[in-house]
Amino acid sequence: MKIALLGYGKMGKAIEEIAVNRGHEIVLRVSEDIEAYNFDGLEIDAAIDFSIPKAAYKNITTAFKHKVPVVCGTTGWLDDYDKATELCKKEDTAFIYASNFSLGVNVFFELNKKLAHMMKGLDDYAVEIEEIHHTEKLDAPSGTAISLAQQIIAENPNKKGWQLDHADKDEVPVYAKRITDVPGTHTVSYKSKIDTIEIMHMANSRQGFALGAVIAAEWIKDKKGIFTMRDVLSSLF
Ligand SMILES: NC(=O)C1=CN([C@@H]2O[C@H](COP(=O)(O)OP(=O)(O)OC[C@H]3O[C@@H](n4cnc5c(N)ncnc54)[C@H](O)[C@@H]3O)[C@@H](O)[C@H]2O)C=CC1
Ligand SMILES: O=C(O)C1=N[C@H](C(=O)O)C[C@H](O)C1
């Protein structure tokens, strides 16, 4: 496959290594200093965007206008998600956004939904989410923590939304910590006076995120439509 990397930082480089090891070719690398890139004259099977929140929408829509399917892992740009999916449909191409591409986190998401379903009537337990990431991260809370909160809210009619750092009784509090070099740790806790129930996912490196993104690109290559990582991993769930 011929892949364009939109964003060539920590994740772009991790993705390149895995993609090349799986026999793919990187035909374009876009970073901060190459804002005026275009796809003209390039044959591209899929674009993979791991850039920054303010660049993601432009990167994604540039690819769509060239009928190139996009895998997007950039977080913190989702106010423009609906506009992006509309353009994807109009251009008759394909899109996957995932707050987290790692297989482990996608298993963790399923556990989170199941646990939220079991806990929804147990009012003595207070739910909270904690995420820990490296100090260069631009957004807080993480996209993964937002996905976890949305999954809990979808299961529990007593929860109407989430808040960073504090929350009313009908909200899920999300705490974001920044510690040097942490690739990404997420914990969902249910605390009562009697005990605490906790599930946690800790990434040991960026390899899982990068491998998932390359697998998603291989999967989406000849498809049309809007997909999620659950579609890619449908044989598991
Ligand atoms: N969904 C997932 O599984 C994961 C998502 N992420 C997300 O991916 C994004 C990137 O993460 P990292 O690689 O760690 O960040 P990074 O800071 O190491 O890399 C960001 C890249 O974006 C480039 N960039 C900056 N302005 C740009 C512009 N205008 N156009 C194109 N590129 C531009 C930078 O030059 C750099 O190459 C973040 O939003 C992060 O939250 C990170 C890991 C996993
Ligand atoms: O910025 C990161 O590094 C990560 N971002 C994603 C997020 O915001 O959830 C995924 C992962 O935890 C690493």
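Ser189 stands opposite Glu198 in S10. This pair opens a set of close-ups taken from a predicted model.

**View 1. Strands S9 and S10 pair in the antiparallel sense.** Strand S9 covers residues 185-191. Seven bridges join S9 to S10. Within this region, Ser189 faces Glu198 of S10.

**View 2. Five strands make up an open sheet.** Their order is S7-S8-S6-S9-S10. The pairing is mixed. Strand S7 (161-164) forms one edge, and strand S10 (196-202) forms the other. Each edge strand pairs on one side only. From one strand to the next, the twist averages 20°.

**View 3. Helix H4 lies across S9 and S10.** The helix spans residues 103-119. H4 runs at about 165° to S10.

**View 4. Helix H1 is built from twelve residues, 10-21.** From the first C-alpha to the last, H1 reaches 17 Å. That is close to the 16 Å expected at 1.5 Å a residue. After the helix comes Gly23, with a positive phi near 90°.

**View 5. Several residues of H1 are buried.** They are Met11, Gly12, Ala14, Ile15, Glu16, Ile18 and Ala19. An α-helix has 3.6 residues a turn, so residues three or four places apart point the same way.

Note on methods. Residues are numbered from 1 along each chain as its sequence is written. Chains are lettered from A and ligands numbered from 1 in the order in which they are written. This is a predicted model: local features need pLDDT of at least 70, side-chain atom pairs count only at pLDDT 80 or more; totals for chains, interfaces and linings use all residues. Side-chain values use heavy atoms; hydrogens and water are left out. Two strands pair if DSSP finds at least two bridges between them. Helices (H or I, at least four residues) and strands (E, at least two) are DSSP runs, numbered from the N terminus. Axes are lines fitted to C-alpha atoms, for helices over the stretch in contact, and angles run from 0 to 180 degrees between N-to-C directions. Contact means heavy atoms within 4.5 Å. The expected span of a helix is 1.5 Å times one less than its number of residues. Buried means under 20% relative accessible area, exposed over 50%, partly exposed in between (1.4 Å probe, protein chains only).
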